[in-house]
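These are my notebook entries on a single model.

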Amino acid sequence: MRSLTLQSPAKLNLHLRILGKRTDGYHELLTLFHRVSLADAIIIRKNSGGFKLTTNISSLETGEGNLITKAYRALQKKFPKLGGVSVRLAKRIPPGAGLGGGSSNAAFFLLGMKKLFGLKISSKELFAMGKKLGADVPFFLLNVRQAIAWGIGEKLQKVPCASRRGFLLLVTDRGLNTKKVYQKLSWSGRSLSLTKEKRIARILRSFLASKRVREASEFARNDLEIPAFRLMPSIPKAITALKDLGAPFVRMSGSGATVFAAFSSREEALDLSKRLKEVPFPFRKVICHSF
């Protein structure tokens, strides 16, 4: 095998609570990750000339700051005789959108490299490598449709998701910086119970599984919405636009700026998309489903 093509899907945070602040500057959180069909494409080809990454977005960093490049360097450190590769990244997931695009790219690149070169690396080692690259990388390495995550996002539990849900996303290329969103987070020393929040996430997941989307929305939260609203006032306008049309479950994903409406089916998402005539600037519509 000389080359490999992979789909690198996005994620949504159906629920996101900030549980507490750590001494190392990170935050303890609890989230319900859900993988969706909006995806980048990664083509990996073996070569004899080292590592090279190209992409369809001219403004995207392809050097040592890119997570795919960092992932290759991490593999190179473990496998000094690792062969060279040319990587072509075709981006569809907007950067800085709260959709985990960069983390997904790194995770699926690692999985692809393991398969392409037959690397002898355990899942435990791969997850440890992924955790160093980014907090969302372990979820994508798990390679499942849905999971509850806690800690900084690296502790994971698979959550069943048999039915495929539909989503209408309002995405923008005007990304938000995660660090700046957290800096705007009002913190009063509060601490939420991990056990309680896990239970809430499971209740939410149960309602979604039984297609009781509106009931699920009563439990869903995203503690990063308020600080993100301060940085980008168009986000609450996008949320209001979806709710005004009767969308049963509307939230911001991650640290923003993507806003999404969740439905029991792709057809419902498509119907609302047709009724949303004017998309709040600077957003555009994307229809996707569970993946």
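Entry 1: I take helices (H or I, at least four residues) and strands (E, at least two) as DSSP runs, numbered from the N terminus, and two strands as paired if DSSP finds at least two bridges between them. The model is predicted, so I note its terms: local features need pLDDT of at least 70, side-chain atom pairs count only at pLDDT 80 or more, and totals for chains, interfaces and linings use all residues. Residues are numbered from 1 along each chain as its sequence is written, and side-chain values use heavy atoms, with hydrogens and water left out.

Within the pair, Thr-5 stands opposite Ile-43 of β2. The hairpin has five residues between the strands, and Gly-25 there takes a positive phi near 95°. I then checked burial, where buried means under 20% relative accessible area, exposed over 50%, and partly exposed in between (1.4 Å probe, protein chains only).

**Entry 2: β3 and β4.** In a regular strand the side chains alternate between the two faces of the sheet. In strand β3 (residues 51-55), Phe-51, Leu-53 and Thr-55 make the covered face, whereas Lys-52 and Thr-54 make the uncovered one. Five bridges pair β3 with strand β4 (residues 84-90) in the parallel sense. Val-85 of β4 is the bridge partner of Phe-51. I followed the chain from β3 through helix α1 (residues 67-78) to β4 and recorded a left-handed β-α-β crossover.

**Entry 3: helix α2.** Helix α2 (residues 101-117) has 17 residues and reaches 24 Å from its first C-alpha to its last, close to the 24 Å expected; the expected span is 1.5 Å times one less than the number of residues. As 12 of its 17 residues are buried, α2 is largely enclosed by the rest of the structure. Among the buried residues are Phe-108, Phe-109, Leu-110, Met-113 and Leu-116. Just after α2, Gly-118 takes a positive phi of about 60°.

**Entry 4: the open sheet.** In which order do the four strands of the open sheet stand? I read β8-β9-β7-β10, with antiparallel pairing. β8 (250-252) and β10 (284-289) are at the edges with a single partner strand each, so one side of each lacks a neighbour in the sheet. The twist averages 25° from one strand to the next. Strand β7 (residues 166-171) and β10 are joined by six bridges, and Val-171 stands opposite Arg-284 in β10.

Axes are lines fitted to C-alpha atoms, for helices over the stretch in contact, and angles run from 0 to 180 degrees between N-to-C directions. Helix α9 (residues 234-244) lies across β7, β8 and β9 (259-263), at about 25° to β9. Helix α10 (residues 266-275) lies across β7, β9 and β10, at about 170° to β10.

**Entry 5: cysteines.** I searched the whole structure for disulfides, pairs of cysteine sulfur atoms within 2.5 Å, and found zero. The sulfur of Cys-161 is 13 Å from the closest cysteine sulfur, that of Cys-288, which is too far for a bond. Cys-161 counts as buried at 14% relative accessibility, and Cys-288 counts as buried at 1%.

Definitions and conventions
Right-handed = clockwise from strand over helix to strand, strands pointing away. Contact = heavy atoms within 4.5 Å.
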